[in-house]
Amino acid sequence: MIYPLVSIIIPVYNGEQFLSVAIESAIQQTWLNKEIIIVDDGSEDESLSIAKSYESEWVKVIHVNNGGAARARNIGFQYSKGDFIQYLDADDLLAKNKIELQLIKILKESDPVNIVCAGQWLRFTKSLDHLIGGIGPGGIVEQDMDPLDWLLMRPYNLMTIHGWLTPRNLINKAGPWNESMTLDDDGEFFIRVIKEADRIIFCAGAMSYYRTLVNNSSTLSTYSGLTQTTTNCVKLKSAFKSLETYKLALLSLQHSKNVKAALARNFLYMAFNSYLVCDEVYVKSIKQPEIPFFQRFTVYKWIGGKFGILVLLFGWKNAKKLALAKNVNAGPFKKTE
């Protein structure tokens with residue numbers, strides 16, 4: 001049996017609170033042929049010293065000036081030697097057998113260097129005793145797919161960074177992480193990876209865990225260095241870049257009614273999130289040629305709760321105006337002055 005090297009890349013920025021447990025979850029992987037590369041992204045707390053306490057022959061620590069999580073991942077990849085890459089943020093966790101289960105399944109494929117493998121993942125808060133959902137048993141993506149089918153399912157097939165195990169070959173084809181993005185840089189990156197793959201396979205039982213915290217600076221997905229008044233619009237512009245990559249990827253694979261419908265759904269969702277928050281993104285989204293004119297006034301099943309009731313009564317635009325005025329949850333972005 002071939003035992004390929006796996007590189008586990010961990011970027012960290014001011015993550016002293018959770019870094020040790022993330023590193024331990026990497027060290028404890030039952031797949032023994034591994035290296036761990038920790039990239040300290042200019043932390044101002046004890047993250048670097050914590051990382052260095054684990055330094056060994058197969059745990060490498062790199063310190064760089066602060067440049068963002070995407071840049072840190074690119075640097076980690078440059079230093080890595082693995083045939084397969086496992087990304088892991090400094091506040092998340094891997095189950096002990098996560099990588100082993102995925103590699104066993106990948107290596108059964110006739111061309112494993114062109115196969116990307118997804119696993120199960122769950123959200124947690126304080127500890128793994130506090131699980132709050134994700135892609136667990138019975139999840140919508142628990143099946144093997146070709147790249148087109150996977151992309152057509154967006155956003156219903158949400159996969160976290162650490163859920164993937166990716167051949168180095170596909171990352172070389174897809175290109176580096178986009179370091180200019182402040183939101184959905186992982187989505188944009190893995191869209192390009194998926195486009196280059198022959199197939200996406202799913203590995204049941206290969207579990208990882210995504211820590212959900214509110215207003216915690218150690219969470220890599222939340223730090224951006226943006227001012228409070230510009231954060232929402234800048235992040236929406238970044239997310240729109242990801243959606244543009246998505247469109248190019250889909251159209252490179254197929255021109256069809258299904259592709260047009262998927263693009264309409266995703267751009268309409270972007271229009272919904274950006275309305276009254278970032279005019280530039282809203283206009284670009286709602287005027288996409290894939291959205292039929294009549295559909296600009298409709299909503300999808302993902303709108304529910306209190307806001308869903310407002311939509312039924314007043315239509316989605318008026319409902320969002322009311323929601324923003326009353327501080328009712330109407331999506332991930334709130335209006336900034």
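The dialogue below goes from the whole chain to single residues and pairs.

Mentor: This is a predicted model, in which local features need pLDDT of at least 70 and side-chain atom pairs count only at pLDDT 80 or more, while totals for chains, interfaces and linings use all residues. Residues are numbered from 1 along each chain as its sequence is written, and side-chain values use heavy atoms, with hydrogens and water left out.

Trainee: What does the secondary structure of the chain come to?

Mentor: Helices (H or I, at least four residues) and strands (E, at least two) are DSSP runs, numbered from the N terminus. The chain has 12 helices and 9 strands.

Trainee: What span should helix H9 have, and how far apart are its end C-alpha atoms?

Mentor: The expected span is 1.5 Å times one less than the number of residues. Helix H9 (residues 257-274) has 18 residues and should span 26 Å, which agrees with its end C-alpha atoms being 26 Å apart. Because 13 of those 18 residues are buried, H9 is largely enclosed by the rest of the structure. Leucine 276, which follows H9, has a positive phi near 70 degrees.

Trainee: Which other residues have a positive phi?

Mentor: Most residues other than glycine have a negative phi. Asparagine 14, not a glycine, has a positive phi of about 50 degrees. Asparagine 14 sits in the loop between strand E1 (6-12) and helix H1 (19-27), and its relative accessible area of 15% makes it buried. Aspartate 184 also has a positive phi, near 60 degrees; its place is the loop between H6 and H7.

Trainee: Which residue makes a salt bridge with aspartate 184?

Mentor: A salt bridge is a side-chain nitrogen of Lys or Arg within 4 Å of a carboxyl oxygen of Asp or Glu. The count by this rule is 12. Aspartate 184 pairs with arginine 154 at 3.7 Å, N to O. This pair links distant parts of the chain, 30 residues apart, with arginine 154 in the loop between H5 and strand E8 (164-167). Arginine 154 is buried at 18%, whereas aspartate 184 is partly exposed at 21%.

Trainee: How is the salt bridge between glutamate 280 and lysine 237 to be read?

Mentor: Their closest N and O atoms are 3.3 Å apart. Glutamate 280 lies in helix H10 (residues 279-286) and lysine 237 in helix H8 (residues 231-253), so the pair ties together parts 43 residues apart in sequence. Relative accessible area is 39% for glutamate 280, which is partly exposed; lysine 237, at 36%, is partly exposed. Elsewhere, salt bridges that share partners join Lys105, Glu109, Asp144 and Arg199 into one network.

Trainee: Is aspartate 185 buried or exposed, and what does its side chain meet?

Mentor: Aspartate 185 counts as buried, at 14% relative accessibility, and lies in helix H7 (residues 185-196). A polar contact is a pair of N or O atoms within 3.5 Å; within protein, one must be able to donate a hydrogen and the other to accept it, and residues adjacent in sequence count only if both atoms are side-chain atoms. The side chain of aspartate 185 makes such a contact with that of arginine 73, at 3.4 Å. Beyond its neighbours within four places in sequence, aspartate 185 is in contact with Ala70, Arg73, Trp177 and Asn178.

Trainee: Where does proline 176 lie, and which residues does it touch?

Mentor: Proline 176 is in the loop between helix H6 (168-174) and H7 and is exposed, with a relative accessible area of 57%. Not counting residues up to four places away in sequence, proline 176 touches Asn74, Phe189 and Arg192.

Methods
Buried means under 20% relative accessible area, exposed over 50%, partly exposed in between (1.4 Å probe, protein chains only). Contact means heavy atoms within 4.5 Å.
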